[in-house]
Amino acid sequence: PFGRTEVRRTERRILAEFEEALDGAVPALTAANHADVVAMARLPQAVRGYERLKLERAETFTRELAAARARL
């Protein structure tokens, strides 16, 4: 039952988004965009906390990940 909570569903969603983003970023990795790819790889570190805090940070993660993907 705990896997059905909003927090757990969000965790699974952002993990899938992150894996997809990295799958696209690694082949496009160059010396020019290395710093952007590294910054994108560090984004999940900010998604911590309990319940509401984690959900808020997950929203920020999603926005920043989209911006990072657009830069690549």
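Glu 20 counts as partly exposed, with a relative accessibility of 49%; here buried stands for under 20% relative accessible area, exposed for over 50%, and partly exposed for values in between (1.4 Å probe, protein chains only). The structure is a predicted model, in which local features need pLDDT of at least 70 and side-chain atom pairs count only at pLDDT 80 or more, while totals for chains, interfaces and linings use all residues. Residues are numbered from 1 along each chain as its sequence is written, and side-chain values use heavy atoms, with hydrogens and water left out.

Glu 20 forms a salt bridge with Arg 69, and the closest N and O atoms of the pair are 3.5 Å apart; a salt bridge is a side-chain nitrogen of Lys or Arg within 4 Å of a carboxyl oxygen of Asp or Glu. The pair links distant parts of the chain, since Glu 20 belongs to helix H1 and Arg 69 to helix H3, 49 residues apart. Arg 69 is also partly exposed, at 38% relative accessibility.

## The chain as a whole

The chain contains 3 helices and 0 strands, and from the N terminus on its elements run α-α-α. Along its principal axes, the C-alpha trace spans about 45 × 20 × 15 Å.

Of the 72 residues in the chain, 24% are buried. The accessible surface comes to about 5,200 Å², and 56% of this surface belongs to carbon and sulfur atoms; such areas come from the Shrake-Rupley method with a 1.4 Å probe, and for residues only the protein chains shown count as cover. Among contacts between residues at least 6 apart in sequence, 59% join residues at least 24 apart, where contact means heavy atoms within 4.5 Å.

## Further salt bridges

How many salt bridges does a search of the whole structure find? The search finds 6. One of them joins Lys 54 and Glu 11, with the closest N and O atoms 2.6 Å apart. Lys 54 lies in helix H3 (residues 51-71) and Glu 11 in helix H1 (residues 6-25), so this pair ties together parts that are 43 residues apart in sequence. Lys 54 counts as buried, at 17% relative accessibility, whereas Glu 11 counts as partly exposed, at 25%.

A further salt bridge joins Asp 36 and Arg 71, whose closest N and O atoms are 3.9 Å apart. Asp 36 lies in helix H2 (residues 34-42) and Arg 71 in helix H3, so the pair ties together parts 35 residues apart in sequence. The relative accessible area of Asp 36 is 29%, which makes Asp 36 partly exposed.

Helix H3 has 21 residues and should span 30 Å at 1.5 Å a residue; its end C-alpha atoms are 30 Å apart, which agrees. The expected span is 1.5 Å times one less than the number of residues.

Which residues of H3 are buried? They are Lys 54, Leu 55, Ala 58, Phe 61, Leu 65 and Ala 68. These residues cover an arc of only 140° around the axis, which puts them on the same side of H3; the arc is that of the directions from the helix axis to the C-beta atoms. An α-helix has 3.6 residues a turn, so residues three or four places apart point the same way. The buried residues of H3 pack against H1 and H2. On the other side of H3, Arg 52, Glu 59, Arg 63, Ala 70 and Arg 71 are exposed.

Leaving aside residues up to four places away in sequence, Lys 54 touches Val 7, Glu 11, Val 47, Arg 48 and Gly 49.

## Asn 33 in the loop

Asn 33 lies in the loop between H1 and H2. This residue counts as buried, at 12% relative accessibility. Not counting residues up to four places away in sequence, Asn 33 touches Ala 28 and Leu 72.

The side chain of Asn 33 reaches the backbone oxygen of Ala 28 at 2.9 Å. A polar atom of the Asn 33 side chain also lies 2.7 Å from the backbone nitrogen of Thr 30.

Note on methods: Helices (H or I, at least four residues) and strands (E, at least two) are DSSP runs, numbered from the N terminus. A polar contact is a pair of N or O atoms within 3.5 Å; within protein, one must be able to donate a hydrogen and the other to accept it, and residues adjacent in sequence count only if both atoms are side-chain atoms.
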